[in-house]
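Here's a quick briefing to read with the model open next to you. Take a look at the coordinates first, then come back for the notes.

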Amino acid sequence: MNDSDEILARWLEGELSDEESAAWKRKLERDPELRKRAITQARLHGMLGVAMEDEFTTARRTGEWLEKCREIEREEFVGSVLGRVKRRQQGRFAAAAAVIFAIGLACWVSLRPDEIGRVVRMETVEWRGQAPQDFELEAGSRFQFLRGLVELELGGRGRMIVEGPADLEILGPLKSRLHEGRVTMRVEESGHGYQLETPRGKVVDLGTEFGVSVGEHRVETHVLEGAVEAYPAGGEKLLLGKDDAVRFEERSVERIDADLGSFYTLLPPQRAGLMRSVHWPLETEGRDGSDAPEVRGYSASDWEMVPGAHEPGSRPVPVEGVFGKAMAFDGRGGYMASRFPGIGGDDPRTVCFWVKVPDDFRESEGFGIVSWGNFQVPDHGSVWQISVNPLAEDGPVGRIRVGVHGGQIVGQTDLRDGRWHHVAVVLYPASRADIGKHVLVYLDGQLEALSRRSLLALNTRTDEGNHGVWIARNVTHDPQSPHPLHGGFFRGAVDELSIFDAALSPEEIRSLMEINELPR
Amino acid sequence: MDEPDPAREWLAKVRSRGPGWLDAFGELVRLHEGWVRAYLRTRMRDWSAADDLAQEVFVTAFRRIRTYEGDGSFEGWLRGIAHNHWRNHLRKRRESPIGGYEEIQIMLEAGADPFRPAGDDHRALDALRECLMHVDGPSRDLLQQRYSKGLSVREISASCGRGYSALTMQLHRLRESLAECIRRKLEAIES
């Protein structure tokens, strides 16, 4: 590249100083051949931006232009009708009628209601203040809630899942403003160009699935599929494709790694058909303190929960439970085991139980309230275990933890209070395989805020295991070479353990919690 | 130059204002929006403003479609509207510095368009799209980052660790070879 070419390239990039630009202009004036090359380069520069644009962006833009033309057409139509009516008017009354007619016509043409959408589903929503009276969406509808999930259907343009705490304002058929919270949008073709405004910029859909989270200091946009345009407040447009993400802060814009597992892309599917389940009331009325399960849909009958102990621990002992008796575990070696292998692979499941965690909980006593699977290093995802999080590096200690070896989800409510809490963990498929499986945790019937929304590595191995479901035993614990910090057994009490091979609804979970009645 | 047949039908429908004329106008917009934007982006530093101006071009065309007599090409008529809008835009913002992008573009405007003698703007853009199908690997990635994602050369340089000059030089050479490819394709059409 010679000097002229270099200046030409920098000129196209807008990198020349004022002095260089003036010198460049003089050079071009003198050199016709250079002018020719500059024209060619500039033409290509302008054409490339258009030629390489994705079809969604183009379709959205032309859609907006045509909408503008239709508006003009409507205005001209109304204007011409008004003119004709005026020409025919007789007297003042007719003139007034013409004006009223024209105004009415204008309102009908330009303001006729365009269906914006409606609320189609709510999961354990706790409203901030009064709950909305109307679940049909209109411009100005506002959804402010402290916790829970709300799903909106956007008049055939797409779907939106809003996760609390959230404050979402509907501005029009193709526009809304997220003041706070997390939103996942899946937009259909008719909704391309949908704009989601936030306090630090806006996101324009180009035919896609994407998530936006609005926190106090930052806004993040993660593209799960397709593409979006992201506009930081006062900044230039960024085009984000699949697996791209960007973070807007007060004074910075930063491209970050997309986190596909940080948004709910679907709510649990409505169940069709019968569900199978196993329920251990933990009344310990059997021989040797074993507990006979209530089994539905499975043919096996030898799935009693049998107490056991490893040195130096003791077998679990019955204590007063939430419904009848419960079992208390010492955290030193006491546990219970059943031959029921648990739910394998990445199949949907729900695990419910009551748990009491002592307020003097120690970090070596958290792993393994309920677990199953065949632990194989380094086979990530081969086990399924619900614990009280003992590891500060994974999240706050003392919170519910769902782990699969190689991935974990941690809640926010501290369980170390010596009281009974009802726990329900629901696993179900996300909208796409690469997002993994979504996890919902209900604590005392309320949706719990989690560190992540899905688990990627999940393939619970139930085929070759030498044990089934365990209570109070860490599924990764090896008595021959115990981990010095993690501990092998849970300390606390457990009552009414149920395992289902489907995702339970919040109502079913609440019913189980309140009256201990198993859904069918 | 004759319009392709469907375009001629759309044009006739729009001018007659018969049933479906608005949809037909939509088809014309989809057919011509690319080269109109490229025409304005070539002449303006701010591509977002160029796209806004392109919208004005089509709104003007929509309002004045009855004045299009049909004796010249629709593309030529549209190019005239685009050119007038661009000149008005320049008049409104006379503050651009001596030797600034737009001022140099005014000077370059007097020169011959490298592609138009052999074909129209529309065909040049189509030819470019065909030429781009043969670009792959790192060259494709670079074009993608610069022209599809809209990153500046400095941003690309910072993210991939390659020098600014090397990237600018590579882009320059890619534009040169693509221009040559367009010329060959347009000449083949002419012959």
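Predicted model: local features only at pLDDT ≥ 70, side-chain atom pairs only at ≥ 80, totals over all residues.

Residues are numbered from 1 along each chain as its sequence is written, chains are lettered from A and ligands numbered from 1 in the order in which they are written, and side-chain values use heavy atoms, with hydrogens and water left out.

**Where chain A meets chain B**

- On contacts (heavy atoms within 4.5 Å), 49 residues of chain A pair up with 63 residues of chain B.
- The two chains bury about 5,300 Å² between them, with 65% of it on carbon and sulfur atoms; buried area here is the accessible area (1.4 Å probe) that two parts lose on being put together, summed over both.
- In chain A, the residues losing the most area to chain B are A:Arg43, A:Met52 and A:Trp65, together 15% of what that side buries.
- The rule for polar contacts finds 13 residue pairs across this interface, both residues at pLDDT 80 or more. A polar contact is a pair of N or O atoms within 3.5 Å; within protein, one must be able to donate a hydrogen and the other to accept it, and residues adjacent in sequence count only if both atoms are side-chain atoms.
- On the chain A side, α1 (3-12), α2 (18-30), α3 (32-51) and α4 (55-88) each supply at least two of the residues that touch chain B. Helices (H or I, at least four residues) and strands (E, at least two) are DSSP runs, numbered from the N terminus.
- α3(A) gives the most to that side, with 15 residues.
- By type, the chain A side divides into 22 nonpolar, nine polar and 18 charged residues. Ala, Val, Leu, Ile, Met, Phe, Trp, Tyr, Cys and Pro count as nonpolar, Asp, Glu, Lys and Arg as charged, and the others, Gly among them, as polar.

**Chain B by itself**

- Chain B has nine helices and zero strands.
- Its C-alpha trace spans about 60 × 45 × 30 Å along the principal axes.
- Of its 191 residues, 50% count as buried (under 20% relative accessible area, with exposed over 50% and partly exposed in between; 1.4 Å probe, protein chains only).
- Among contacts in chain B with a separation of 6 or more, 61% come from residues 24 or more positions apart.

**Salt bridges**

- The structure holds 48 salt bridges over all chains (a side-chain nitrogen of Lys or Arg within 4 Å of a carboxyl oxygen of Asp or Glu), and six of them count between chain A and chain B.
- One that crosses the chains joins A:Glu13 and B:Arg146 at 3.1 Å, N to O.
- Within chain A, A:Glu209 and A:Arg186 meet at 2.7 Å, N to O. A:Glu209 is in strand β7 (residues 201-214) and A:Arg186 in strand β5 (residues 175-187), so the pair ties together parts 23 residues apart in sequence.
- A:Glu209 is buried at 1% relative accessible area, whereas A:Arg186 is partly exposed at 34%.
- A:Arg186 also bridges to A:Glu225 (3.1 Å, N to O). A:Glu225 lies in strand β8 (residues 218-232), so this pair ties together parts 39 residues apart in sequence.
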